[in-house]
Structure formats: structure tokens, C-alpha cells
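Have the structure open while you read.

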Amino acid sequence: MFSKSAQFYDAIYSHKDYGAEAAKIQTLIQAHKRTNGTRLLDVACGTGAHMVHLQADYQVAGLDLDAGLLDIARAKLPDVPLHHADMIDFDLGAQFDAVICLFSAIGYVETVDNLNRAVAAMSKHVAAGGVLMIEPSFNPDTFKSGHLGAIFVDDPQLKIVRMNISTIENGLAILNFRYMVGTPDGIKIFEERHALGLFTRDEYRAAFESAGLTDIVFDEYGVDGRGLWMGVQG
């Protein structure tokens, strides 16, 4: 997914306040979980930026499908278990007091069937009384085809322009990112195609219910305005 841009991921998202988001996650976990433990699994952990902050309060572990992003996470978190696996069908043989999946990464499962499988796999890793939290991806009722997006990085030794026009193809949100990256060694241009599922609130709720989670709630704001689904393992 980020095979060409992994090394620039943290620069591109340097505007995100991961510390503030981690503090919000901590507050929400404590408000919903019923266990006394501090084990936390970050599914689709990317470069580990949330875990850098969460490790102060939790025994963290991470999982991601993108090996390049995991390599960056390992450099930041050398003592943290990081697993290369797919959220759809992973099995770590362990349970956690909190399992989180943030930054709309759930959209990469693409289909409702895979959404159900991913939520079931995550739920299986939640200890009794623990909480599962998933930040939703795009909603089919609000996703705008034709939206023009752009992110700019203007550091002394690194310049990046990433632009895309969003489209819908076969029921998927398609983000064809085009990058121009400049360093003292030169300028290169490349593209990445990202396809994400468009899921309704009813589909998220059904996935949580099917996985046997209880006390299911949707926080309208969540961590950074995207909303957040939460459910407790019975």
C-alpha cells in the first residue's frame, strides 16, 4: 500500500498531533474497559506513532500488513512486539485489554465480508471486559467523488507535494496519490493507488454485534473527528 512512500510517511503526516490523540485514546479506553490490565494491541499500527505515546501507560504491541511501515516502527520501538500480518485473519494467540485500529485503516479491508472478518479477528484478541476501538473509514453517504486533496511538506532538506482526486470505482473509494519528492539528491515522481471500502454505520454495528461485542457505541468525534466505534468483550 505504502510501498513507495513509507519512508516519507511520518513527514507527510507530521501535522497530526499523535500525543494528543494518544491522550484521547487513553481517556476513552479507561471509560469503557472493565479489566485491570494494561495490554494494548494497535492493529494497522503503521510507523508506530501512537504507540510511542501509549507505551507510557500500556504494554503495547503492534500489527501491520505493510512491511516498510513496520521497519520504521521497529526503529522507534525496538523493544515492542511488532507483527507482520493481515487484520482480516491474524491470530497472535494472545488477548489484550484494549485493541485499537485507527486512522481509518479499516477501510483497506475493502468489502463488508472482510469488515466482518477483521472485526471478528480483532474481537478474538480482546480479553473479557476489554474494549475494541475502530476509527471508521469513509461513509458512502458523505464521500465526495471528485474531491481534490493535497498535502505539502516544506522542510529544509525535504520537499513533498502529494495530490489526488478522489473517485468511486466498483463501490470503493479510490485515492490515486501522485507524489513529487525533492531532496538534495534530486527530485522523483511516483504514484500509489489506495482502495478503501465505503461502509455504513449499520454495517459497522452489525460487524461488532456479529463478533459478540456488547455495549456498542459510536462516538461522533472520536480521536480526531472521524468518529470511533467501541465495543466491550462479554
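## Around helix α5

The cover over the buried residues of α5 includes β1, β4, β5, α6, β10 and β11. Helices (H or I, at least four residues) and strands (E, at least two) are DSSP runs, numbered from the N terminus. Buried means under 20% relative accessible area (1.4 Å probe, protein chains only). This is a predicted model, where local features need pLDDT of at least 70, side-chain atom pairs count only at pLDDT 80 or more, and totals for chains, interfaces and linings use all residues. Residues are numbered from 1 along each chain as its sequence is written, and side-chain values use heavy atoms, with hydrogens and water left out.

Within α5, the buried residues are Asn 114, Leu 115, Ala 118, Val 119, Ala 121, Met 122 and Ser 123. The helix has 13 residues and reaches 18 Å from first C-alpha to last, close to the 18 Å expected at 1.5 Å a residue (the expected span is 1.5 Å times one less than the number of residues).

Now for the core. The largest nonpolar core has 29 residues, and Val 43, Met 87, Ile 106, Met 122 and Leu 132 have the most contacts inside it. Such a core is a set of buried Ala, Val, Leu, Ile, Met, Phe, Trp, Tyr and Cys residues joined through side-chain atoms within 4.5 Å. α5 gives the most to this core, with 5 residues. Apart from it lies another core, of 24 residues, among them Ala 6, Tyr 9, Tyr 13 and Val 181.

Then there's β11. Since 6 of the 6 residues of this strand (residues 228–233) are buried, β11 is largely enclosed by the rest of the structure. Leu 228, Met 230 and Val 232 sit on one side, with Trp 229, Gly 231 and Gln 233 on the other, and both faces are covered. Its pairings are below; two strands pair if DSSP finds at least two bridges between them.

| Strand paired with β11 | Sense | Bridges |
|---|---|---|
| β5 (residues 126–134) | antiparallel | 4 bridges |
| β10 (residues 213–219) | antiparallel | 5 bridges |

Met 133 has Met 230 as its bridge partner in β11, while Phe 218 stands opposite Trp 229.

Finally, the largest pocket holds about 1100 Å³ of space. Its lining counts 47 residues, with Tyr 13, Phe 103, Ser 104, Phe 138 and Arg 226 nearest its centre. On a 1 Å grid over the protein atoms alone, a pocket is an open set of points where a 1.4 Å probe fits, with protein on both sides within 12 Å along at least five of seven lines; lining residues have an atom within 4 Å of a point. The volume is the space filled by probe spheres set on the points, which are joined across faces, edges and corners.

Notes: Buried < 20%, exposed > 50% of the residue type's maximum accessible area, 1.4 Å probe, protein only. Contact = heavy atoms within 4.5 Å.
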